[in-house]
Amino acid sequence: MTDKITTPRPAQGKRPQYFDDPNMDQMHAMIIALATEVSVLTDRFDTIERVLDEKGTVSRSDIENWQPDEKAWEERRDQREQLIRRLFRTVREARTTLEGQADQEANT
Amino acid sequence: MLRQEPHAVLPQSSVNEQARQDFLNQLGKHVLNEITPGNTAAYQRRVLPKIKAEKGRDPESRHEIRKEMVRDPYYQMTSSFQRTVQEMMWNSVDDTIQRQLPDLIATAKTIRDGDTLGSLHLEPDFEIPSYVADNDHHCMPGGYSGDLVDDDITAGALYDKGAFIYTQGLFGPRMDGIGKAAALMIATSFPDLRPNKILEIGCTAGGSTTGLKSAFPDAELHAIDVGPAVLRYAHARAESMGVAIHFHQMNGEAMTFEDEGFDLVNCPASFHEMSRSAVYNVFKEAHRVLKPGGVFLLSELPPYEGVDPWTQFVRDWDTYNNNEPFWGAVHEMDFADVAEAAGFNRNDYWQGNGPGIAEANQLTGAVEVQNKKFMGSTRGGGQAWYAHMTKRES
């Protein structure tokens, strides 16, 4: 048995190929990974700013030990939702178009 | 905000890890509620007309729908997002675990070696059944039986913390909603049942088990699973919560418990992880270890029987996209037939909807429950599906 586990670990089992070009599947996963890291950075900035507001100074341990209260957590959730909405702008448009067409057909 | 209640072996996220887990939780919810519902229009507008034109009739099975839906660009995109978020969610939790693994293992070991309320029984030469060993269910790296280092607890920690995110907290702060819901089901169907000895088959990290124990505090509770790391974790977790449970590494298909020893056997949402023959064998074993008059209760996602092909297709997403190869096949089984083959009388068999997991944790008012579920596993918002049967007095 090894001592150190390397992450991320893949899951055993068949991963479906969703798109005709397998590179597209990889691009999709990479975009979501990037968006996630943007959100991580945004939360970390938010922590730094809130600690600075409270104390006027900031250390690494301040950042690691700071916990959002309910209000701060909700503000972050709203900020994340905005990021997600910007990320999925064209997807939402595709859905609206599809549903508009389906409605139109149902009415004719 | 729903947060998981800390216990001695619950991995603690760093600031960045927590941010990653929060984002993936929210992204998953957004995809489920705002993006995947567009598939209904994609089906009606593009896929259904194509099937009708080709076959001259409506689709007769979910397989016919699937064959065309996998070519639809909207479905391709939403499924790719869902799959990716699922993988990244597990990976984000695994990072948290691996960073503190030696400490978590040491804590579990200290608990195990101290004065304990319950017990842990592992079998060094245990053979993991292939339906668990060869597939990492719901994309959880290492699956239920992963055992990475000496005294590993990773699989248990991954399930406990990951499933809390995956179910958007609806299993409850103590992850015990499935067990509490099962107890509500028992209280409804068998108000006079006072079990002295209870067995849970497929306990994983012991969340359901502790929920069941809280409803029957005086009962002796035994729980089995096949993975050593989930059991080490489940035991340490239960002990740190002050809950007495006896955990055994045992295959539900061939248990070493004596005949007719239990008043109640519970199998919480585990059958969809088993092969067809294993389902038959576990029913047989449940019948064997039950006392006459004892009850076998199981919960599952509802069967496909009588459901239209489109709804079946929607519910079957996990079979092809979430490493759940037995999901579809098990939901096509008639458990009444299985029960009869195991020795139960068909007249003592009941199936239907019962208390949901969120309801059991009084979370029905939580924002998370308002999810407009479209695809993938239940998120715990609605009712749960149960089957139960009583062993006849001889």
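**Confidence**

This is a predicted model. The predictor assigns the complex an ipTM of 0.94 and a pTM of 0.94. In chain B the average pLDDT is 92, and 95% of the residues score at least 70. Residues 367–380 of chain B have a pLDDT below 50, and this stretch makes 45 contacts in the model beyond near neighbours in sequence. Where pLDDT is low, the predicted coordinates should not be read in detail.

**Chain A**

Chain A has four helices and zero strands, so that its elements read α-α-α-α from the N terminus. Its radius of gyration is 21 Å, whereas the globule rule gives 13 Å for 108 residues; chain A is therefore more spread out than a compact globule. Along the principal axes, the C-alpha atoms of chain A fill a box of roughly 65 × 50 × 20 Å. Of its 108 residues, 13% count as buried.

**Where the chains meet**

Between the two chains, 42 residues of chain A are in contact with 46 residues of chain B. On the chain A side, the elements giving two or more residues are α1 (22–55), α2 (60–65), α3 (70–87) and α4 (89–107). The largest share, eleven residues, comes from α1(A). Sorted by class, this side of chain A holds 20 nonpolar, nine polar and 13 charged residues.

**The sheet of chain B**

Chain B contains an open sheet of eight strands with mixed pairing, in the order β1-β4-β3-β2-β5-β6-β8-β7. The edges are taken by β1 (119–121) and β7 (349–354) of chain B; each has a single partner strand, so one side of each is left without a neighbour in the sheet. On average, neighbouring strands are turned by 15° against each other, direction ignored. Strands of a sheet pair through backbone hydrogen bonds, either parallel or antiparallel. The table lists some of the pairs in this sheet.

| Strand pair | Sense | Bridges |
|---|---|---|
| β1(B) and β4(B) | parallel | three |
| β2(B) and β5(B) | parallel | three |
| β5(B) and β6(B) | parallel | six |
| β6(B) and β8(B) | antiparallel | six |
| β7(B) and β8(B) | antiparallel | six |

Single residues can be followed across these pairs. Asn266(B) is partnered with Leu297(B) in β6(B). Met389(B) in β8(B) stands opposite Phe296(B), and Tyr349(B) also stands opposite Met389(B).

How many residues of β5(B) are buried? Seven of its seven residues are, and the strand is mostly covered. In β8(B), six of the seven residues are buried, so this strand is largely enclosed by the rest of the structure.

Helix α8 (residues 177–189) of chain B lies across β5 (262–268), β6 (290–300), β7 and β8 (384–390) of chain B. The helix runs at about 130° to β6(B).

**A helix pair in chain B**

Two packed helices are described by the angle between their axes and the distance between the axes. For helix α7 (residues 154–166) and helix α10 (residues 228–240) of chain B, the angle is about 65° and the axes are 6 Å apart. The residues that α7(B) brings to this contact are Thr154(B), Ala155(B), Gly156(B), Ala157(B), Tyr159(B) and Asp160(B). From α10(B) they meet Ala229(B), Val230(B), Arg232(B), Tyr233(B), Ala234(B) and Arg237(B). Together the residues of this contact divide into seven nonpolar, two polar and three charged.

**Trp310(B)**

Is Trp310(B) buried or partly exposed? With 19 other C-beta atoms within 10 Å, Trp310(B) is partly exposed, because a residue counts as buried only if 20 or more lie in that range. Trp310(B) belongs to helix α12 (residues 309–315) of chain B. Leaving aside neighbours within four places in sequence, Trp310(B) is in contact with Tyr43(B) and Ile65(B). Glu60(B) is 250 residues away from Trp310(B) in sequence, yet the two are 9.4 Å apart in space, C-alpha to C-alpha.

Terms used
Residues numbered from 1 in each chain as written. Chains lettered and ligands numbered in written order. Predicted model: local features only at pLDDT ≥ 70, side-chain atom pairs only at ≥ 80, totals over all residues. Contact = placed C-beta atoms within 7 Å. Nonpolar A, V, L, I, M, F, W, Y, C, P; charged D, E, K, R; others polar. Pairing = 2+ DSSP bridges. Axes fitted to C-alpha atoms, helices over the stretch in contact; angles between N-to-C directions. pLDDT = per-residue confidence, 0-100. Rg over C-alpha atoms; globule rule 2.2 N^0.38 Å. Buried ≥ 20, exposed ≤ 12 C-beta atoms within 10 Å, placed from the backbone.
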